Amino acid sequence: MLAIPILRSRVAPVLNWCSSICLFPDDPSYQGSGQEVNVSHLEAEERLEFLRDRGVTTLICGALSPELLYYGARLGITIVCGVAGGIDEVRRSYWCNQLDQPQFWLPGCRGMRRYRSGYGGGRGCPGPAQGPKRGRGKPPEPGRGAAEACLCVHCGLRLPHERGIPCSQVNCPRCGRPLVRESGGKGKP
């Protein structure tokens, strides 16, 4: 299935705070309006889990936090982010591999996007505060050669370290506490 967060018949600008998501069959010939589901009662991570449980394999969205981007990748959801525009036009353009056209760029995001494979938006905007050339492929898996990570000492969550953003300035998406730097991927802060 294909999912697109919506706000007034357009792609919602930020996935973390949208209240509705439209689900479509993973079929380019589908002409219907999709199924709109209310997700306002779900936390950001729960939204991705809900989508995975509904069989969503691809999510097209505006901006989202880096933590949510990594979490979606771990859940096996291909995320095409940095997208703006009307839902029907975005969906049609996705199937034609044309979401890299300027009319679909979320302000501050631009560039090529990967469509049915890979992680995130290629050279597009992987998150709300990151510039256009930050997409770097799949995030490193903790414990498998990851050179640097941010760790929550309270709940044990480990996220890949974002270059230029101190771990202490990132709050854990699970418990809300500041993360600490972990080097060498060995589990010691």
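## Aromatic pairs and cysteines

F24 counts as buried because its relative accessibility is 1%. Buried means under 20% relative accessible area, exposed over 50%, and partly exposed in between (1.4 Å probe, protein chains only). This is a predicted model: local features need pLDDT of at least 70, side-chain atom pairs count only at pLDDT 80 or more, and totals for chains, interfaces and linings use all residues. Residues are numbered from 1 along each chain as its sequence is written, and side-chain values use heavy atoms, without hydrogens and water.

A search of the whole structure finds two aromatic pairs. F24 and Y30 form one of them, edge-to-face, with 6.5 Å centre to centre and 65° between the planes. Rings of Phe, Tyr and Trp (its six-membered ring) pair if their centres lie within 6.5 Å; planes under 30 degrees apart count as stacked, over 60 as edge-to-face and the rest as tilted. Y30 is partly exposed, at 27% relative accessibility. The rings of Y94 and W95 have centres 5.0 Å apart and planes at 70°, so this pair is edge-to-face. Both Y94 and W95 are buried.

Now the cysteines. The whole structure holds one disulfide (a pair of cysteine sulfur atoms within 2.5 Å). The disulfide joins C150 to C167, with S to S at 1.9 Å. The link of C150 and C167 is left-handed, with -70° about the S-S bond.

| Cysteine | Relative accessibility |
|---|---|
| C150 | 4%, buried |
| C167 | 4%, buried |
| C18 | 6%, buried |
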